[in-house]
Amino acid sequence: MSRTICIANQKGGVGKTTTSINLAAALANSGQKTLLVDMDPQCNATSGVGHQSVDHHPLIADSPINHSVLAAQTSRSLLSTFDVLPGSRSFLDADLLAGQRGANTDLVVKHLAAGAQAYDYVLIDCPPSLGQLTRAALSVSNEVLMPIQCEYFAMEGLAKMISVIKAVMLQRPGQLTFGGILLTMYDQNLELTLEVDREVREFFGEIVFDTVVPRDVKVTESPSHGLSVLDYAPRSRGSRAYTELCMEVLERD
């Protein structure tokens with residue numbers, strides 16, 4: 001049975017799309033057939049694996065999503081294990097995807113449920129908001145993974161995000177779990193980073209991943225080449241971090 005993981009945080013610039021791309025690549029490297037679903041109208045997850053956005057989002061199309069998936073660009077022979085469902089910048093598509101109830105939501109759920117059967121892992125990259133697109137992604141997921149940047153405002157708005165997650169959990173009892181919190185842009189030489197680390201771990205405990213993602217220029221460079229950092233700079237600190245995160249995710253299965 002596939003695991004559908006929603007990568008979400010209403011705050012921008014926390015490494016959400018970066019985590020979506022690189023965790024998906026790491027899972028594929030480990031032999032898991034993985035699908036990355038781009039539900040952010042910015043479509044950075046799509047371009048980050050070497051593709052362009054599409055005119056209409058496949059999740060609200062009439063045809064099954066397997067007609068629209070593309071092999072993620074990679075420097076290795078993993079084309080059959082890492083796919084992407086490209087996003088759309090259409091405002092109309094965003095509204096249709098965000099529909100709270102009705103035929104459009106049912107179609108999204110139907111497409112994802114049918115398409116997920118072909119994969120071990122489905123990762124959904126969400127927009128940086130608490131809006132209906134994020135709620136729709138949560139409603140079709142089994143787990144939610146929340147990246148948090150190690151900065152002063154890391155905890156700001158976190159309570160709101162968690163309240164949205166809890167509301168979806170109540171709507172779907174037993175179907176959505178908290179997959180974990182990931183500390184990103186980690187600089188162990190900064191006292192602020194260590195303070196945020198302590199606060200988050202003291203408050204949330206074991207749901208915080210042991211793995212932290214360090215600040216690494218290779219991580220920020222890789223999307224411009226349409227590659228994950230694991231393909232662009234496999235020996236970098238960022239690549240090692242996302243490989244370790246992948247191992248933790250697999251262990252929590």
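Predicted model: local features only at pLDDT ≥ 70, side-chain atom pairs only at ≥ 80, totals over all residues.
Visitor: How far does α7 reach from its first C-alpha to its last?

Guide: Helix α7 has 14 residues, and the expected span is taken at 1.5 Å for one less than that number of residues. The expectation for α7 is therefore 20 Å, and the reach in the model is close to it. From first C-alpha to last, α7 reaches 20 Å.

Visitor: Around the axis of α7, how wide an arc do the buried residues cover?

Guide: The residues of α7 that are buried are Thr193, Val196, Asp197, Val200 and Phe204. An α-helix has 3.6 residues a turn, so residues three or four places apart point the same way.

Visitor: Which exposed residues does α7 carry on the face turned away from its buried side?

Guide: The buried side of α7 is covered by elements that include α6, β7 and β8. On the face turned away from that side, the exposed residues are Glu202 and Phe203.

Visitor: Which residues of α6 are exposed?

Guide: Helix α6 takes in residues 158-171, and its buried residues are Leu158, Met161, Ile162, Val164, Ile165 and Val168. Seen down the axis, these buried residues fall within an arc of 155°, so they line one face of α6. Among the elements covering them are α5, β6, β7 and α7. On the other side of α6, the exposed residues are Ala159, Lys160, Lys166, Leu170 and Gln171.

Visitor: Which strands form the edges of the sheet?

Guide: The open sheet has eight strands with mixed pairing, in the order β3-β4-β2-β5-β1-β6-β7-β8. An edge strand pairs on one side only, and the strands that do so here are β3 (70-71) and β8 (208-214).

Visitor: At about what angle to β7 does α7 run?

Guide: The strands β7 and β8 pair in the parallel sense over three bridges, and Tyr186 stands opposite Pro214 in β8. Helix α7 lies across both β7 and β8. The angle at which α7 runs to β7 is about 170°.

Visitor: Is Cys43 buried or exposed?

Guide: Most residues other than glycine have a negative phi. Cys43, in the loop between β2 and α2, has a positive phi near 60° although it is a residue other than glycine. The cut-off for a buried residue is under 20% relative accessible area, and because Cys43 has 1% relative accessibility, it counts as buried.

Visitor: What is the relative accessibility of Met185?

Guide: Met185 is found in strand β7, and its phi is positive, about 50°, although it is not a glycine. Met185 counts as partly exposed, because its relative accessibility is 23%.

Visitor: Which residues is Thr211 in contact with, leaving aside its neighbours within four places in sequence?

Guide: Thr211 has its place in strand β8 and is buried, with a relative accessible area of 6%. Its C-alpha is separated by 22 Å from that of Leu227, although these residues are 16 apart along the chain. With neighbours within four places in sequence left aside, the contacts of Thr211 are Leu182, Ala241, Glu244, Leu245 and Glu248.

Definitions and conventions: Residues numbered from 1 in each chain as written. Heavy atoms only, no water. Helix = DSSP H or I, 4+ residues; strand = E, 2+ residues; numbered from the N terminus. Buried < 20%, exposed > 50% of the residue type's maximum accessible area, 1.4 Å probe, protein only. Arc of directions from axis to C-beta. Contact = heavy atoms within 4.5 Å. Pairing = 2+ DSSP bridges. Axes fitted to C-alpha atoms, helices over the stretch in contact; angles between N-to-C directions.
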